[in-house]
Amino acid sequence: MVAITWMRKHLFSSIGNSALTLFAIYIIYISVPPLLNWAIFSAVWHGDSRTACLDPNSGACWPFVKANLSQFIYGRYPASEIWRVNLTFLLGAAAIIPALIPSAPAKKFNLIFLLGAYPFIAIVLLAGDRPGLVGVDTTMWGGLLVTLVVAVTGIVVSLPLGILLALGRRSEMPVIRMLSIGFIEFWRAVPLVTVLFMASVMLPLFLPEGFSLDNLLRCLIGVALFSSAYMAEVVRGGLQAIPRGQAEAARAVGLSYWQTMGLIVLPQALRHVIPGIVNTFIGLFKDTTLVLIVGIFDLLGQVRAQLSDPNWAVPQGATTGYVFAAIIFWVFCFGMSRYSVFMERRLNTGHRK
Amino acid sequence: MSDDKKLMIGIEHVHKWYDDFHVLKDINLTVREGDRIVIAGPSGSGKSTLIRCINRLEAHQEGKIIVDGVELTEDLKRIDAVRREVGMVFQQFNLFPHMTVLDNCTLAPIWVRKMPKAEADELAMKFLERVKIPEQAMKFPGQLSGGQQQRVAIARALCMTPKIMLFDEPTSALDPEMIKEVLDVMVELAEDGMTMVCVTHEMGFARQVADRVVFMDQGEIVEEAEPEVFFNAPKSERTKAFLAQIL
């Protein structure tokens, strides 16, 4: 009875509302059952080769994903060295997860490890080239590994650099202001694809002979600078929302410029723009797929590469592969989105009426 | 006026322009230790600009401003040295909304004076008691009334144990019933011998507390006199017109 009362009130309160409710039910009816049918009920779950998935009426070909899972995650990383990637992932997760939980202990140490030590540990572990470790060239890296390396580097570099650029753009010193504006407007006006092409193809032409930079590293730098420009504008939006009196009051009690920014202005400004910052992170995470055009195989690129494998040429192979990639991207992006909602709620309690 | 007291603020032939607009025209003002100066005048007369020049929230373009023996120039070290000794209270309070009242007060002692936190807390509580709101120490500014916020702002400035206090229209943003609680605190401060420069429209306060009232109009100091003379026998016609309007 409660259910019927609730439905009357919320779903069928007027003719218009009832029509919308019925329309929504129709949309669900025509979309969800076929999707579930494809992904679960008529999907192929077991098999060792393409023969399992040859039935033209069958749904998703999950054995294709299972057989290629290693490539999707690690690319062409040598099988005997994969433990190094796993260890890097594990260390990263162990450092990031407690850093994201506000009540977790030893925050300071945690952040110092995450931002100060972890990047170097990760480089040594992944690239090797140290006594005791076999060097693994970045051309062998691929899949989710590359996606995460590009995205995490972009995120970690773009936030602090973006903050500096945003402060620079509002600086009273003309030289700093002009440089910041020039940097931001240049990188924002150039498509990321162009940036990656320049980094990969043109930059080596300008570098002195005998001096070479790794292709992946060049792309990392390109992505990081590109996203810093976007981040700068997001942060600037937050800075503009803070009344001038805040900085004046801080300067008047004797705080220096950096103390004023670090203790008074930025904590308030960044809080205002958490949705924008996370939006930029999510955009960046998905834009990592563009490294494909300079011959680096991220998760999506690796899925595409495995599609041409004749051993797995099956009717539903491409769809299954793309859906798999989409699910992985969705999980990461949705996680970031939920975390930002959580942080906003947390920061908005306690003060302000 | 006794000249044997220490010179705290010396302003000599100061001019300031916003682009073509001449905001301050040949300002001369001397403030000695313990002086209580009230600056009055119609809005747009440059009185807020003048007081903001004293701790260099605004820069002057010509003339000299010397505060506590330090001449204000572009030199950031000098500016910081002056700001450490000069407290300021703003019309809009400008408390830091993301910090508790206590943290608002201890911020500068901890970061600028490098005071240990426990000592800073104790100092802050002392001044919060003096402005009569120690029980609000753990609240955030947004939870306080305007009058309480302004008293916190005064306590925050006092925590740096300044030699000079600047008040920039401290009661103009307050509801009438809260003006008194802020003025009471300011009167007490004056009675304790604090050197004060106040921009205010509270003529009762000026009469009660000021050693001198400075009247500004259109960027100039029109008249400077002791309160009895200023209110009862102003010389300038502009002063008379102003007083006729507000009294």
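This is a predicted model: local features need pLDDT of at least 70, side-chain atom pairs count only at pLDDT 80 or more; totals for chains, interfaces and linings use all residues.

Please look at chain B. B:Lys132 is partly exposed, with a relative accessible area of 44%. As background, most residues other than glycine have a negative phi.

Is B:Asp68 buried or exposed? B:Asp68 has a relative accessible area of 18%, and because the cut-off for buried is under 20%, B:Asp68 counts as buried. This residue belongs to the loop between β4 (62-67) and β5 (70-71) of chain B. B:Asp68, too, is not a glycine, yet has a positive phi, of about 50°.

Let me turn to the sheet in chain B. In what order do the six strands of the open sheet run? The order is β6-β7-β8-β3-β9-β10, and the pairing is mixed. At the edges are β6 (86-89) and β10 (220-225) of chain B, each of which pairs on one side only. On average, neighbouring strands of this sheet are turned by 15° against each other, direction ignored.

Within the sheet, strand β3 (residues 36-40) and strand β8 (residues 195-199) of chain B run parallel and are joined by four bridges. As a point of orientation, B:Arg36 has B:Met196 as its bridge partner in β8(B). Packed on the sheet is helix α1 (residues 47-54) of chain B, which touches β3, β6, β7 (164-168), β8 and β9 (212-217) of that chain. The direction of α1 makes about 150° with that of β7(B).

I now move to chain A. How many helices and strands does chain A have? There are 14 helices and zero strands. The C-alpha trace of chain A spans about 75 × 75 × 40 Å along its principal axes. Chain A has 353 residues, of which 41% count as buried. Of the contacts in chain A between residues at least 6 apart in sequence, 69% join residues at least 24 apart.

Finally, the surface and charges of chain A. Its accessible surface comes to about 19500 Å², and 71% of that belongs to carbon and sulfur atoms. Chain A carries 25 positive and 15 negative side chains, and the centres of these two sets lie 15 Å apart.

Thank you for your attention.

Note on methods:
Residues are numbered from 1 along each chain as its sequence is written. Chains are lettered from A and ligands numbered from 1 in the order in which they are written. Side-chain values use heavy atoms; hydrogens and water are left out. Helices (H or I, at least four residues) and strands (E, at least two) are DSSP runs, numbered from the N terminus. Buried means under 20% relative accessible area, exposed over 50%, partly exposed in between (1.4 Å probe, protein chains only). Contact means heavy atoms within 4.5 Å. Accessible areas come from the Shrake-Rupley method with a 1.4 Å probe; for residues, only the protein chains shown count as cover. Lys and Arg count as positive and Asp and Glu as negative; His and the chain ends are not counted. The place of a charge is taken as NZ of Lys, CZ of Arg, CG of Asp or CD of Glu. Two strands pair if DSSP finds at least two bridges between them. Axes are lines fitted to C-alpha atoms, for helices over the stretch in contact, and angles run from 0 to 180 degrees between N-to-C directions.
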